[in-house]
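I opened my notebook to look up a few things in this structure.

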Amino acid sequence: MHLPAIRDLDPLSALKGLRRLRLATLPSWDSSGKVTEVVSLAPIAELPVLEELELFGVVPPDRTVDDLLTSVSLRRVQLSKYPKRERDRLAHLS
(Lines give C-alpha, C1' and ligand atoms only; values in the text may rest on other atoms or scores of the structure.)
Protein backbone atom coordinates (compact mmCIF):
# COMPACT_ATOMS: atom_id res chain seq x y z
CA MET A 1 0.00 0.00 0.00
CA HIS A 2 1.41 3.38 -0.98
CA LEU A 3 0.96 5.90 1.85
CA PRO A 4 2.90 9.03 0.90
CA ALA A 5 1.06 11.20 3.44
CA ILE A 6 2.16 9.16 6.48
CA ARG A 7 4.40 11.25 8.73
CA ASP A 8 3.94 9.78 12.21
CA LEU A 9 4.88 6.18 13.02
CA ASP A 10 3.57 6.32 16.61
CA PRO A 11 0.58 4.04 15.84
CA LEU A 12 3.07 1.23 15.15
CA SER A 13 4.10 1.25 18.80
CA ALA A 14 0.91 -0.68 19.64
CA LEU A 15 2.15 -3.67 17.62
CA LYS A 16 4.20 -5.16 20.46
CA GLY A 17 4.43 -8.63 18.85
CA LEU A 18 5.68 -7.38 15.46
CA ARG A 19 8.83 -9.24 14.34
CA ARG A 20 9.21 -7.96 10.76
CA LEU A 21 8.38 -4.59 9.27
CA ARG A 22 8.76 -3.29 5.75
CA LEU A 23 7.96 0.31 4.86
CA ALA A 24 8.60 1.41 1.31
CA THR A 25 7.71 4.03 -1.24
CA LEU A 26 6.61 3.06 -4.73
CA PRO A 27 9.43 1.72 -6.93
CA SER A 28 8.83 4.62 -9.33
CA TRP A 29 9.71 7.01 -6.52
CA ASP A 30 13.12 5.38 -6.08
CA SER A 31 14.33 6.46 -9.50
CA SER A 32 13.02 9.99 -9.02
CA GLY A 33 14.61 10.35 -5.57
CA LYS A 34 11.33 10.99 -3.73
CA VAL A 35 11.03 9.87 -0.12
CA THR A 36 8.40 9.70 2.59
CA GLU A 37 9.67 11.78 5.50
CA VAL A 38 8.54 10.62 8.93
CA VAL A 39 8.84 12.54 12.19
CA SER A 40 10.95 9.89 13.91
CA LEU A 41 12.04 6.25 13.79
CA ALA A 42 11.76 5.97 17.59
CA PRO A 43 8.40 4.14 17.55
CA ILE A 44 10.03 1.41 15.46
CA ALA A 45 13.07 1.14 17.73
CA GLU A 46 10.80 0.72 20.76
CA LEU A 47 9.08 -2.40 19.40
CA PRO A 48 10.24 -5.08 21.85
CA VAL A 49 10.58 -8.09 19.51
CA LEU A 50 11.16 -6.46 16.11
CA GLU A 51 14.02 -8.37 14.49
CA GLU A 52 13.89 -7.41 10.82
CA LEU A 53 13.32 -3.97 9.34
CA GLU A 54 13.32 -2.65 5.79
CA LEU A 55 12.99 1.07 5.17
CA PHE A 56 13.02 1.87 1.49
CA GLY A 57 12.52 5.57 0.87
CA VAL A 58 11.16 6.18 4.39
CA VAL A 59 13.42 8.58 6.28
CA PRO A 60 13.44 10.94 9.27
CA PRO A 61 14.28 14.61 8.58
CA ASP A 62 17.95 14.19 9.54
CA ARG A 63 18.33 10.89 7.62
CA THR A 64 20.15 9.27 10.53
CA VAL A 65 19.67 5.87 12.15
CA ASP A 66 20.24 7.17 15.69
CA ASP A 67 16.83 5.97 16.92
CA LEU A 68 17.35 2.50 15.49
CA LEU A 69 20.61 2.11 17.39
CA THR A 70 18.62 2.09 20.63
CA SER A 71 16.70 -1.05 19.68
CA VAL A 72 17.46 -4.13 21.76
CA SER A 73 15.88 -6.59 19.33
CA LEU A 74 16.83 -5.56 15.77
CA ARG A 75 18.99 -8.15 14.02
CA ARG A 76 18.69 -7.17 10.36
CA VAL A 77 18.07 -3.76 8.80
CA GLN A 78 18.00 -2.79 5.14
CA LEU A 79 17.78 0.85 4.10
CA SER A 80 17.58 2.98 1.00
CA LYS A 81 17.81 6.75 0.65
CA TYR A 82 20.13 7.06 3.66
CA PRO A 83 23.76 8.22 3.47
CA LYS A 84 26.27 5.37 3.28
CA ARG A 85 27.74 6.31 6.66
CA GLU A 86 24.32 5.76 8.25
CA ARG A 87 23.85 2.38 6.58
CA ASP A 88 27.35 1.43 7.75
CA ARG A 89 26.41 2.21 11.35
CA LEU A 90 23.92 -0.67 11.21
CA ALA A 91 26.18 -3.09 9.36
CA HIS A 92 26.87 -5.07 12.55
CA LEU A 93 23.22 -6.15 12.60
CA SER A 94 23.24 -7.87 9.21
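This is a predicted model: local features need pLDDT of at least 70, side-chain atom pairs count only at pLDDT 80 or more; totals for chains, interfaces and linings use all residues.

Entry 1: I looked up D66 first. Its relative accessibility is 38%, so D66 counts as partly exposed. The cut-offs explain the label, because buried means under 20% and exposed means over 50%. I then checked where D66 sits: the loop between β4 and β5. I also took a distance to L41, which is 25 residues away along the chain. The C-alpha atoms of D66 and L41 are separated by 8.5 Å.

**Entry 2: positive phi.** R63 is not a glycine, yet its phi is positive, about 55 degrees. R63 lies in the loop between β4 and β5. R63 has a relative accessible area of 31%, so I noted it as partly exposed. K81 is not a glycine either, and its phi is about 75 degrees. I found K81 in the loop between β5 and α3 (84-89). With a relative accessible area of 24%, K81 is partly exposed.

**Entry 3: the elements.** I counted helices and strands next. The protein has 3 helices and 5 strands. Along the sequence I read the pattern β-α-β-α-β-β-β-α.

**Entry 4: the core.** Which residues touch the most other members of the largest nonpolar core? I found L23, L41, I44, L53, L55, L68 and V77, out of 21 residues in this core. In soluble globular proteins, nonpolar side chains tend to be buried together.

I left aside its neighbours within four places in sequence. L55 is then in contact with L23, L41, I44, L68, Q78, L79, S80 and Y82.

**Entry 5: the whole protein.** I checked the radius of gyration. It is 12 Å, which agrees with the value near 12 Å for a compact globule of 94 residues. The C-alpha atoms fill a box of roughly 35 × 30 × 20 Å along the principal axes. I noted that 38% of the 94 residues are buried.

**Entry 6: surface and charge.** The accessible surface comes to about 5,600 Å². Carbon and sulfur atoms hold 54% of that surface. I counted 14 positive and 13 negative side chains. The centres of the two sets lie 5 Å apart.

Notes. Residues are numbered from 1 along each chain as its sequence is written. Side-chain values use heavy atoms; hydrogens and water are left out. A nonpolar core is a set of buried Ala, Val, Leu, Ile, Met, Phe, Trp, Tyr and Cys residues joined through side-chain atoms within 4.5 Å. Buried means under 20% relative accessible area, exposed over 50%, partly exposed in between (1.4 Å probe, protein chains only). Contact means heavy atoms within 4.5 Å. Helices (H or I, at least four residues) and strands (E, at least two) are DSSP runs, numbered from the N terminus. The radius of gyration is taken over C-alpha atoms; the globule rule is 2.2 Å times the number of residues to the power 0.38. Accessible areas come from the Shrake-Rupley method with a 1.4 Å probe; for residues, only the protein chains shown count as cover. Lys and Arg count as positive and Asp and Glu as negative; His and the chain ends are not counted. The place of a charge is taken as NZ of Lys, CZ of Arg, CG of Asp or CD of Glu.
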